[in-house]
Amino acid sequence: MHELAIAQSIVEVVMTRARECGATHVKLVRLQIGEASGIMTDSLAFSFEMLTSLDPLLDGTQLLIESIPHVAHCGACAQEFAIINLVPLCPICQQWSGDIISGTELQIQEMEIETALSVMEE
Ligand SMILES: [Zn+2]
């Protein structure tokens, strides 16, 4: 299951960053996932929830997934256009374009953490 492996690597990155920041709990993780990334977001969210429930640092972390449209740039007429069904054909001049602007990304956009105030007393 591809999405489980992806969720695992996201959880690892989030945990590492949360520890670096001295977090006691991660409240929210916001992901950007491109339409053409091939990732099933429902499946990813399910895997994420399962993995985060295993660690108190992440238990109950809210996952927000922002879908990024698949967009290309046409070199012939300089038009930006939405790619439909993975076919990068410019609707203006009917040229094929290999210049993909967005839609294939998978990234952690943002995360919100809680920190303990007592950390400063050391
Ligand atoms: Zn064009």
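Which residues are the protein donors of the zinc ion? In this predicted model, the donors are the SG atoms of C74, C77, C90 and C93, lying 2.3 Å from the zinc ion. The angles among the four donor atoms run from 104 to 116 degrees, and the site is tetrahedral. Along the chain, the donors follow the spacing C-x2-C-x12-C-x2-C. C74 is found in the loop between β3 (71-73) and β4 (80-82), while C90 is found in the loop between β4 and β5 (99-102), so this pair ties together parts that are 16 residues apart in sequence.

A further feature of the model is the packing of two helices. Helix α1 covers residues 2-20 and helix α2 covers residues 41-52. Their axes are 8 Å apart and form an angle of about 50 degrees. Because of this angle, α1 is oblique to α2. The crossing of the two helices, α1 and α2, is right-handed.

The contact between these helices involves residues from both sides. From α1 come E3, L4, I6, A7, Q8, I10 and V11. These residues meet S43, L44, S47, F48, M50, L51 and T52 of α2. Sorted by class, the contact of α1 with α2 contains nine nonpolar residues, four polar residues and one charged residue.

Terms used
Residues are numbered from 1 along each chain as its sequence is written. This is a predicted model: local features need pLDDT of at least 70, side-chain atom pairs count only at pLDDT 80 or more; totals for chains, interfaces and linings use all residues. Side-chain values use heavy atoms; hydrogens and water are left out. Axes are lines fitted to C-alpha atoms, for helices over the stretch in contact, and angles run from 0 to 180 degrees between N-to-C directions. Helices (H or I, at least four residues) and strands (E, at least two) are DSSP runs, numbered from the N terminus. Angles under 35 degrees count as roughly parallel, over 145 as roughly antiparallel, 65 to 115 as roughly perpendicular and the rest as oblique. A crossing is left-handed if the near helix is turned anticlockwise from the far one by less than a right angle, and right-handed if clockwise. Contact means heavy atoms within 4.5 Å. Ala, Val, Leu, Ile, Met, Phe, Trp, Tyr, Cys and Pro count as nonpolar, Asp, Glu, Lys and Arg as charged, and the others, Gly among them, as polar. Donors are N, O and S atoms within 2.8 Å of the metal (3.2 Å for Na, K and Ca); water is not among the atoms, so sites may look incomplete. Four donors count as tetrahedral if all angles lie between 85 and 135 degrees; four count as square planar and six as octahedral if opposite donors are over 155 degrees apart and all others between 65 and 115; anything else is irregular.
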